[in-house]
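Please look over the structure below before reading on. This report goes through the chain as a whole and then some of its parts.

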Amino acid sequence: MSQAVKSLLNESTTVVLSPGYEGANIGTIIGFKHVNYLVEKAVIAHFRRSGLPVGRLYEEHGLGFDIVDIDSRLQTALVVDDEASIEVTPVTKDDATELSFKVAITVERDGAPKKAVAAKVKAVLRHDENDVRMPRRLPVPEGLERFVTARIGGVEPGAAAPAVTEKLISGGCAETDAVLERLLAGQNAYGWKFRIPYPFVHFFERLQMSGYLRLMEEAKHRFVDARGISIRALLEEKNWIPAVTHSRVTLLDEALLEEDLYVVYTVDNVFKNLLYTSRLDTYVVRDGRLVQTSTGTITHAYGVVENGKEGRLVTFDERVLNAFAFGDGRNQP
């Protein structure tokens, strides 16, 4: 085992990063998606500092770095001016086939360090065996072999999917889709069909973790809009904005460029009129059968933001609770 692999698996690293300005959608507070982007970036920096830059792993060995599970708990809001100290600690077990890390994000508040985010990350090295794209490949670095996979996930196909004859239309899908209707039947959910575009993929073909995080954020927006409590409406009427305390996404199979992805967002539980948990599941249809490509969970509250970054949580009112209570799988209230 090389010294670089030993460092990757055993030594912690710390990097200072600032969040992307794009993530400051409400005042100067950074949304959960860009918080997870920071987590991903810190793990990539850990590879680089260990002597195994993810770009070089692909260019020389045909190994694509893929995060397959990211689980983040947000304890303090990040803001756009933060210079966050991010520690990455390897926690991979000796018999594991996935690389595992704990990630802690610390920011300065009132002159003292404060832990803002605690995350767990799992990653694999996806081997690109396409000889046209990778005509020359060096052997896998010694010690990394057990983390290399020919395919991410590979779940067994599920039930036979009903035939779909409707054409995809810009921005969504036809009003009726037999697959979507089956996925939503009897569920407290919102769903849509999404043709996977080039900006959501990496390594030529597959939907990457950041793409799933974007879909999770969009799903929340679509759900509340369909239930009559759109984000804009509650901002204008009450200055309420959704706040995320926990999110997790796990890849179960690969979803490919220009495949039709079925995205289903389901509200599961409401706790003390203060928090609610939702689930995000995605599917493709292959050879006439449903294949689930990911699953995830997210916990939301509602908050009020004042002076750009000062936030406080609020309890749900009757209108919000009623919006969460639909149970018939409808996309419209």
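## Model and confidence

This is a predicted model, in which local features need pLDDT of at least 70, side-chain atom pairs count only at pLDDT 80 or more, and totals for chains, interfaces and linings use all residues. Residues are numbered from 1 along each chain as its sequence is written, and side-chain values use heavy atoms, with hydrogens and water left out.

The pLDDT (the predictor's confidence in each residue, from 0 to 100) averages 91 over the protein chain, and 93% of the residues score at least 70. Over residues 167-173 the pLDDT stays under 50, and the model has ten contacts (heavy atoms within 4.5 Å) for them beyond four places in sequence. Residues 327-333 also have a pLDDT below 50, and this stretch has 22 contacts in the model beyond near neighbours in sequence.

## Overall form

The protein chain has seven helices and 14 strands. These are DSSP runs numbered from the N terminus: helices are H or I with at least four residues, and strands are E with at least two.

For 333 residues, a compact globule would have a radius of gyration near 20 Å, and the 21 Å of the protein chain agrees with that. The radius is taken over C-alpha atoms, and the globule rule is 2.2 Å times the number of residues to the power 0.38. The C-alpha trace spans about 60 × 60 × 30 Å along its principal axes.

Two packed helices are described by the angle between their axes and the distance between the axes. Axes are lines fitted to C-alpha atoms, for helices over the stretch in contact, and angles run from 0 to 180 degrees between N-to-C directions.

Helix α2 (residues 32-50) and helix α5 (residues 209-226) have axes that come within 9 Å and cross at roughly 165°. That makes α2 roughly antiparallel to α5 (angles under 35 degrees count as roughly parallel, over 145 as roughly antiparallel, 65 to 115 as roughly perpendicular and the rest as oblique). In the contact, Phe32, Lys33, Asn36 and Tyr37 of α2 meet Ser210, Leu213, Arg214, Met216 and Glu217 of α5.

## Helices α1 and α2

The axes of helix α1 (residues 3-10) and α2 come within 8 Å, crossing at roughly 145°. Here Ala4, Ser7 and Leu8 in α1 meet His46, Phe47 and Ser50 in α2.

## The loop between β8 and β9

Which residue has a positive phi of about 50° although it is not a glycine? Phe203 does, and it is found in the loop between β8 (201-202) and β9 (206-207). Phe204 is in the loop between β8 and β9, and its phi is near 80°, a positive value in a residue other than glycine.
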